[in-house]
Amino acid sequence: MKKLLILMTALTLTALVPAAEQGGTGERFWLNYVKSRAAQRLPGVPGVYSSTNKDKPEDVKLPQLENVDWSFRTWKPDLVDTEVLVAVAGTGSGFTLYVDSDQDRDLTDEVAHESWLNEYSSWYFGPAQVILETANGPVTYHLNMRLSAGNRSRPYLSLVTGCWYEGTVVVNGKEKNCMIVDVDSNGVFNDLNPGGRSDRIAIFEDGTGSPIPLTKYVQVDGELYTPTVARDGSYIEIAPAQNVPYGYLEVSDNLSEIIISGTNGYFQPDLGKERKLKIPAGDYIVSRWYISDKDKTGREWRLGRYSSQKSVTVAEDETSELNISSDIYAFLEVSRKGNGYTFNRSMIGADGKSVDLRMGTGGYPPTPKLRFRDASGNYDKTFSLEYG
Ligand SMILES: [Ca+2]
Ligand SMILES: [Ca+2]
């Protein structure tokens, strides 16, 4: 009965809120909650390990277990003020986890979570349910947990999202699939962190969408929309973007692929079709770029950076240029180790930062050679450098 009452209250509130406060003319689509082990492997979800603590927090009731080595970690969701305690019971041969799902500091009323996989000193658990009491009622969330026990007395524990929201939305009269991911695992699904870790969104037609960072504007079928995602992830409103302050970004001819992301959008343009991009004005990071070119023999080479932090600003009604030089330098580092020398070669771009050079569609070129010859020519040997 309590659940039904909460649902009715939520519906009544929705009906009373004027359209203008719901994100303009955006249509609201309710999404389905999905719990899954796969959530921890979604793009952008990091495996953040923190050490556990041996000190038992005060006022916590633990299950009565024999010969158990306890350690503890807390998860602090931003959605509520409370902390969720996770207790690790080490038995010598393995681990059992207890999650204070209702945050009442009592773990005797909780499920004993056993691992579903153990490999390379890591134990995988979950998704484990927690109930977060928000001002608008209880919200369900799931956590995936990974225990790393290289140090057996004080294992490291990773607590990351074990859920997402998905459902059908209609954009410009067309049905699409939508997915919302809480990538920073803080219980909030609409974080916009410029330069940091924004939550992610995918709007796609068939198959599986790859979630991209949530930004102020999102591009669907070439048009910009303004998404409004519920803090708890349960719905999304999508409205055609209005009064967008557009600017232009002109991309130099040598670039083959770029991804630019900022607060106002995430774009991976088809550079085969257009080089002067019309995008919302704002500050962007060129988070990925590569240049592909052919040598005299017709062999293809790719030069790029796959986690770049190059910034570019696009002002309203103005054109900014994105030029990245294809100049590269082979940099040889020599260091003395005991009686020998170590040689390390890296490739440096025109900006002094390391670049990645590949052949064809991604293979490494043959290993570089180093030739040593003394003045007399008596000593003359060639060695190969190795990758990795
Ligand atoms: Ca409890
Ligand atoms: Ca989040």
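The model is predicted.

Next, show where domain 1 meets domain 2. Eight residues of domain 1 contact eight residues of domain 2. On the domain 1 side, five of the touching residues are nonpolar, two are polar and one is charged.

Now turn to the open sheet of five strands, ordered 2-12-13-14-15 and paired antiparallel. Its edges are strand 2 (32-35) and strand 15 (212-213), each of which pairs on one side only. Select strand 2 together with strand 12 (residues 163-171): four bridges join them in the antiparallel sense. Within this pair, zoom in on Asn-32, which stands opposite Glu-166 of strand 12.

Move to strand 9 (residues 122-134), where Pro-127 is found. Display the backbone here: the peptide bond from Gly-126 to Pro-127 is cis, with omega near 5 degrees.

Select Asn-67, in the loop between strand 3 (49-51) and strand 4 (69-75). Its phi is near 50 degrees, a positive value in a residue other than glycine. Asn-67 counts as exposed because it has 8 C-beta neighbours inside 10 Å, and the limit for exposed is 12 or fewer.

Then go to Asp-317, in the loop between strand 25 (310-314) and strand 26 (319-322). Asp-317 also has a positive phi, near 65 degrees, and is not a glycine. With 9 C-beta neighbours inside 10 Å, Asp-317 counts as exposed.

Methods: Residues are numbered from 1 along each chain as its sequence is written. Chains are lettered from A and ligands numbered from 1 in the order in which they are written. This is a predicted model: local features need pLDDT of at least 70, side-chain atom pairs count only at pLDDT 80 or more; totals for chains, interfaces and linings use all residues. Two residues are in contact if their C-beta atoms, placed from the backbone, lie within 7 Å. Ala, Val, Leu, Ile, Met, Phe, Trp, Tyr, Cys and Pro count as nonpolar, Asp, Glu, Lys and Arg as charged, and the others, Gly among them, as polar. Two strands pair if DSSP finds at least two bridges between them. Helices (H or I, at least four residues) and strands (E, at least two) are DSSP runs, numbered from the N terminus. A residue is buried if 20 or more other C-beta atoms lie within 10 Å of its own, exposed if 12 or fewer, and partly exposed in between; C-beta atoms are placed from the backbone.
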